[in-house]
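Please keep the structure in view while reading.

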Amino acid sequence: MLRNRAENFVYNATDIEIMLHQLDRLKHLEILGIVFGALTEDNKLDIPTISNIAQAAQPLSLTIHKCIDQVENYKEDINRLKLIPNVQYILSSGTK
């Protein structure tokens with residue numbers, strides 16, 4: 001799981017920079033993918049941040065973690081995730 005702190009899933013530029021550095025190190029391990037998720041302040045998936053991490057993670061697959069359980073319209077956000085090529089899985093507790 002790519003996550004640099006235990007608070008919420010809303011990340012600032014410094015958080016993202018740290019995670020991109022961590023991701024670069026993870027890519028040298030024998031792993032098939034990473035788990036990551038990011039939200040906006042208004043509880044939507046942060047698609048630009050997720051896309052940025054997904055692009056940096058290639059060729060590894062990306063699994064979106066349970067942050068999806070906090071979004072207001074999970075169906076809309078799942079459709080937005082379909083536009084990111086290496087997002088392959090979603091972890092969920094069944095949403096709200």
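## Terms and overall layout

A residue is called buried when its relative accessible area is under 20%. The model described here is predicted, and buried residues make up 38% of the 96 residues in the protein.

The protein has three helices and three strands, and read along the sequence these follow the pattern α-β-α-β-α-β. The radius of gyration is 12 Å, close to the 12 Å that the globule rule gives for 96 residues, so the protein is as compact as a globular protein of that length. Along its principal axes, the C-alpha trace spans about 35 × 25 × 20 Å. Of the contacts with a separation of 6 or more, 67% are accounted for by residues 24 or more positions apart.

## The sheet

The three strands form an open sheet in the order β1-β2-β3, with parallel pairing. Its edge strands are β1 and β3 (87–90), each of which pairs on one side only, and the twist averages 30 degrees from one strand to the next. In general, strands of a sheet pair through backbone hydrogen bonds, either parallel or antiparallel.

Strands β1 and β2 run parallel and are joined by four bridges. Within this pairing, V35 stands opposite T63 in β2, while the bridge partner of F36 in β2 is I64.

In a regular strand the side chains alternate between the two faces of the sheet. In β2, S61 and T63 point one way and L62 and I64 the other way, yet all of these are buried.

## The nonpolar core

The largest nonpolar core has 25 residues, and those with the most contacts inside it are I34, F36, L45, I50, L62 and L81. The elements that give two or more residues to this core are α1, β1, α2 (47–57) and β2 (61–64). The largest share, five residues, comes from α2.

## F36 and its surroundings

Which residues does F36 touch, leaving aside those up to four places away in sequence? They are L2, Y11, M19, T49, I50, I53, L62, T63, I64 and H65. The relative accessible area of F36 is 0%, and F36 therefore counts as buried.

Not counting residues up to four places away in sequence, T49 touches I16, F36 and A38.

## The aromatic pair

The structure holds one aromatic pair. It is formed by Y11 and F36 and is stacked, with 6.0 Å from centre to centre and 25 degrees between the planes. The assignment as stacked follows because planes under 30 degrees apart are placed in that class.

The pair links distant parts of the chain, since Y11 lies in the segment before α1 (13–26) and F36 in strand β1 (residues 33–36), 25 residues apart.

Definitions and conventions. Residues numbered from 1 in each chain as written. Predicted model: local features only at pLDDT ≥ 70, side-chain atom pairs only at ≥ 80, totals over all residues. Heavy atoms only, no water. Phe/Tyr/Trp six-rings, centres within 6.5 Å; stacked < 30°, edge-to-face > 60°. Buried < 20%, exposed > 50% of the residue type's maximum accessible area, 1.4 Å probe, protein only. Core = buried A, V, L, I, M, F, W, Y, C linked by side-chain atoms within 4.5 Å. Contact = heavy atoms within 4.5 Å. Pairing = 2+ DSSP bridges. Axes fitted to C-alpha atoms, helices over the stretch in contact; angles between N-to-C directions. Rg over C-alpha atoms; globule rule 2.2 N^0.38 Å.
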